[in-house]
Amino acid sequence: MARKVTARRIWVSTAAAWLFGFLIFLPILWMVLTSFKTELEAFSMPPKFLLFHWTTENYATVQERSDYVHHAVNSILIAGGSTLIAMIIAIPAAWSMAFAPTRRTKDVLLWMLSTKMMPSVGVLVPIYLIFRDFGLLDTRAGLVMILCLGNLPIVIWMLFTYFKEIPKDILEAARMDGATIGRELVYVLTPMAVPGLASTLLLNFILAWNEAFWTLNLSTLEAAPLTTFIASYSSPEGLFWAKLSAASTLAIAPIIILGWFTQRQLVRGLTFGAVK
Amino acid sequence: MATQQTQVLGRALLTPAVALLFIWMIVPLVMTIYFSTLRYSLLDSETWGFVGLENFRYFLTDPAFLTALRNTLVLVGSVLAITILLGTPLALLLDQQVIGRSIVRLMVIAPFFVMPTVSALVWKNLLMHPVSGLFAWVATLVGATPIDWFNDAPLLAVILIVAWQWLPFATLILLTALQSQDEEQKEAAEMDGASALSTFIYLTLPHLARPITVVILIETIFLLTVFAEIFVTTGGGPGLATTNIAFLIYSQALVQYDVGNASAGGLVAVVIANVVAFFLVRIVGRNLEA
């Protein structure tokens, strides 16, 4: 901060940063632009950058022909449901490990982390067979369950690192003043934990929204969230670039916006606090 | 410190999470191990029976396995190399004073939040299409012949897509680490007349060693099981050109319905991932002491 930086150096880094930023963002930008073209112009060579006939008809068609809303609702229910259930299970667990640690707490935490290291593909066969036998294939409940379990270790770790940062002195003071555990929870802990709870919730919603391995393998139509729905555009008869772009834009827009708010938590959450 | 009461309470609060994760870990794993010893095809229930380690022998000596293993290693290695070699300078750049930095940051991070099926299809159709893709247009602009990515360089195409998705992750973590670097140390080095390059080599790079290790380990764990990008772009082909271990197991399980063989493959994947996880858990565990 304190170092003097010449104006020239600022301009050079600004130009370079914008150039790289633009290049990295280009595929997304191009997709958004294509979503407003007609199918004919989406294919045209040379490509049209801004001077094309802007239209929103693709967005209407995506809904009419393939019921986009149905899949978006699935995405919201599956990502939201799995995140909420994971939070309900994780909050007490993280709370107890952060505030009433025992000698085994560290081992338990590392063991939980290690369950996340299990590659999904290693357990694809049994999960598929269990789902088939219990009639869970292509159901929202099944996907909620599987995504909840898959994300649970990350949820617990994120909450644990947040809870651990709440100063113990404040709790001790509250206890000295005769606060019961219930009052301590409501009046002291909760207000301090809310930011951590919110970012854990958001980040895990994002992870569940984008999860593709389980959704592709365990859902077809009825419970298919947006990840599976978009994949259906890969079949040759579904190759409509403008409509694919419109559907894709709708699928990623909310998550990119949420992602912007959670970038700091992303680093903490996905590195399990190993990078600060 | 903690009273007996809170300890009992703590154990009670921890139990549901531990129990669920234990079941989640152990039940599918035991089933996979069990299935891996069986001749078990979903198409042919007649020949069901115990075969010992036959599935492992079959899976490990299958030429498809060696191809898939090589593809997996090439994919993981290339994506790691690209994301770290590009992510480090990008993070250094974003650590400078840049006008409109938050907008640039948003643009750089955005790919991480694009769902894999979307990025795969957008790259395949809008960018890499040999006739109407953006890359083909750029190639003709500079007088080159457009590449038919998914026929001529399918694995490279998948690598580029996956690297684009993971570059933001590496950049963001390295940037976070850079921002915690000691400014005074850098200033002192500058005062002593150290060049930018030697400051980078002797101060910044050692500071980045640990975050780079963490990036490598975490990316490896995710990259070993890249699936959606292959599923929607190439379906593992042409031939086996883009089949990685994850896709091979998927196709044995849900395309050929060979449960026994796929389970053996699944265990091989678990073993490979655990080697990586071993090192990651150690690094994270060391951090837990602090």
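Which side chains meet in a salt bridge at 3.0 Å, N to O? In this predicted model, the side chains of K243(A) and E39(A) do, a salt bridge being a side-chain nitrogen of Lys or Arg within 4 Å of a carboxyl oxygen of Asp or Glu. The pair ties together distant parts of the chain, with K243(A) in helix α12 (residues 241–261) of chain A and E39(A) in helix α2 (residues 39–43) of chain A, 204 residues apart. Helices here are DSSP runs (H or I, at least four residues), numbered from the N terminus. Side chains of opposite charge can pair when their charged atoms come close. Searching the whole structure turns up five salt bridges over all chains.

A word on bookkeeping: residues are numbered from 1 along each chain as its sequence is written, and chains are lettered from A in the order in which they are written. Local features need pLDDT of at least 70 and side-chain atom pairs count only at pLDDT 80 or more, while totals for chains, interfaces and linings use all residues; side-chain values use heavy atoms, with hydrogens and water left out.

Now for the interface. Chain B puts 105 residues into the contact and chain A 106, where contact means heavy atoms within 4.5 Å. Between them about 9500 Å² is buried, 79% of it from carbon and sulfur atoms; buried area is the accessible area (1.4 Å probe) that two parts lose on being put together, summed over both. On the chain B side, W24(B), F113(B) and M115(B) lose the most area to chain A, together 9% of what that side buries. Helix α1 (residues 4–36) of chain B supplies the largest share of the side touching chain A, at 20 residues. By class, that side has 76 nonpolar, 22 polar and seven charged residues, with Ala, Val, Leu, Ile, Met, Phe, Trp, Tyr, Cys and Pro taken as nonpolar, Asp, Glu, Lys and Arg as charged, and the others, Gly among them, as polar.

P238(B) sits in the loop between α11 (228–233) and α12 (245–255) of chain B. Over in chain A, D67(A) has a phi near 55°, a positive value in a residue other than glycine. D67(A) falls in the loop between α3 (57–66) and α4 (68–99) of chain A.

Technical notes:
Helix = DSSP H or I, 4+ residues; strand = E, 2+ residues; numbered from the N terminus.
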